[in-house]
Amino acid sequence: MFYLIIFLGVEIFSIALYRAFLPNFWGSVLLVIFVSSLGGLIATLFVTYFGDFLRSVQKNNNKMLRLENLSHPLLLKLSKNAPGTYSHSLTVAELAIFAGKKINIDTSYLRLGGYYHDIGKLHNPNMFLENKMKPLKLMDKKELVETAKAIIAHVPEGVKLAKEYELPGEIIEVICQHHGNAGIDSLKTELDKMDVRLEYPGPKPLSKETAVIMLADTIDARIRGAKFQNEESLAKTINAEIDRKINSEQLNLSGLKQKDIDTLRQAYLEKIQSLYHNRKFYKS
Ligand SMILES: [Fe+2]
Ligand SMILES: [Fe+2]
């Protein structure tokens, strides 16, 4: 504010002198002083009134860069305590970014969404197939319900952790929406057999970005768990996962159009082929 007053004083003084001496030599000198101090005035006004805004943009950019860095404490914890989930999260990010680019959506949002969508699994990593050495054992109804509830809990636990680490609201949206309000895929058969109905709390994906992550998530989980797959069966699996989400109405609030979904089908297949090519369970 002090500089602003000084500049205003110089401006008024320069104009007064310029008017008094115009058009002699000193008039030209004053004109130069006037123009240069006007530049200073504009810069001062800009810094005074937009400084906070610029600082907050800079701070936000730094925060995003820190979150994208794989040495973020939450990602380090995930890689140490839930290595299967960590690997799955990186793949979901890669898949979502590749597919999202094809329909022109925000790829930095997709990257962060992929990295952090399952952080809630840190609460109980061994509950999840990707971190287990052994397959699921047979369970009675009580055990099954407890297991299902513990799996569903990775969503609210993720939200809790995201708030604790001050992750942005967009990441919290991904955590809440990546399973929508559907049932648990990995326990579906057992839950149906015992007539138990348990679902994620939702909401369903409310943006194209969260829907693209939901699809990348389910596709990676399904293909990760599959045995040997050839190109044809990969395409079948991907299309079946997408159809399952469409038929259970998980995508109907996302804003994805039929044209986007057709583009996404092709994009996921292309990326999965390149990611899993030469891996033990993919034979071309
Ligand atoms: Fe999840
Ligand atoms: Fe996931």
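**Close-up 1. Glutamate 166 sits in the loop that links helix H7 (154–164) to helix H8 (169–177).** Like the other views here, this one comes from a predicted model. Take a look at the backbone: glutamate 166 is not a glycine, yet its phi is positive, at about 55°. The residue is exposed, with 7 other C-beta atoms within 10 Å. For context, most residues other than glycine have a negative phi.

**Close-up 2. Glutamate 249 lies in the loop between helix H11 (231–247) and H12.** Here too we find a positive phi, about 60°, in a residue that is not a glycine. Glutamate 249 has 12 other C-beta atoms within 10 Å and therefore counts as exposed, the cut-off being 12 or fewer.

**Close-up 3. A cis peptide bond connects glycine 202 to proline 203.** Omega is about 5° at this bond. To find your way, follow the loop between helix H9 (188–193) and H10, where proline 203 is located. As a reminder, most peptide bonds are trans.

**Close-up 4. Helix H10 (residues 208–225) and helix H12 (residues 258–276) cross at roughly 40°.** Their axes come within 11 Å. The crossing of H10 and H12 is right-handed.

**Close-up 5. Side by side, residues of H10 and H12 make the contact.** From H10 come Lys208, Val212, Leu215, Ile219 and Ile223, and they meet Asp260, Leu264, Tyr268, Ile272 and Tyr276 of H12. Sorted by type, the contact residues comprise eight nonpolar and two charged, with no polar ones.

Terms used. Residues are numbered from 1 along each chain as its sequence is written. Chains are lettered from A and ligands numbered from 1 in the order in which they are written. This is a predicted model: local features need pLDDT of at least 70, side-chain atom pairs count only at pLDDT 80 or more; totals for chains, interfaces and linings use all residues. Axes are lines fitted to C-alpha atoms, for helices over the stretch in contact, and angles run from 0 to 180 degrees between N-to-C directions. Helices (H or I, at least four residues) and strands (E, at least two) are DSSP runs, numbered from the N terminus. A crossing is left-handed if the near helix is turned anticlockwise from the far one by less than a right angle, and right-handed if clockwise. Two residues are in contact if their C-beta atoms, placed from the backbone, lie within 7 Å. Ala, Val, Leu, Ile, Met, Phe, Trp, Tyr, Cys and Pro count as nonpolar, Asp, Glu, Lys and Arg as charged, and the others, Gly among them, as polar. A residue is buried if 20 or more other C-beta atoms lie within 10 Å of its own, exposed if 12 or fewer, and partly exposed in between; C-beta atoms are placed from the backbone.
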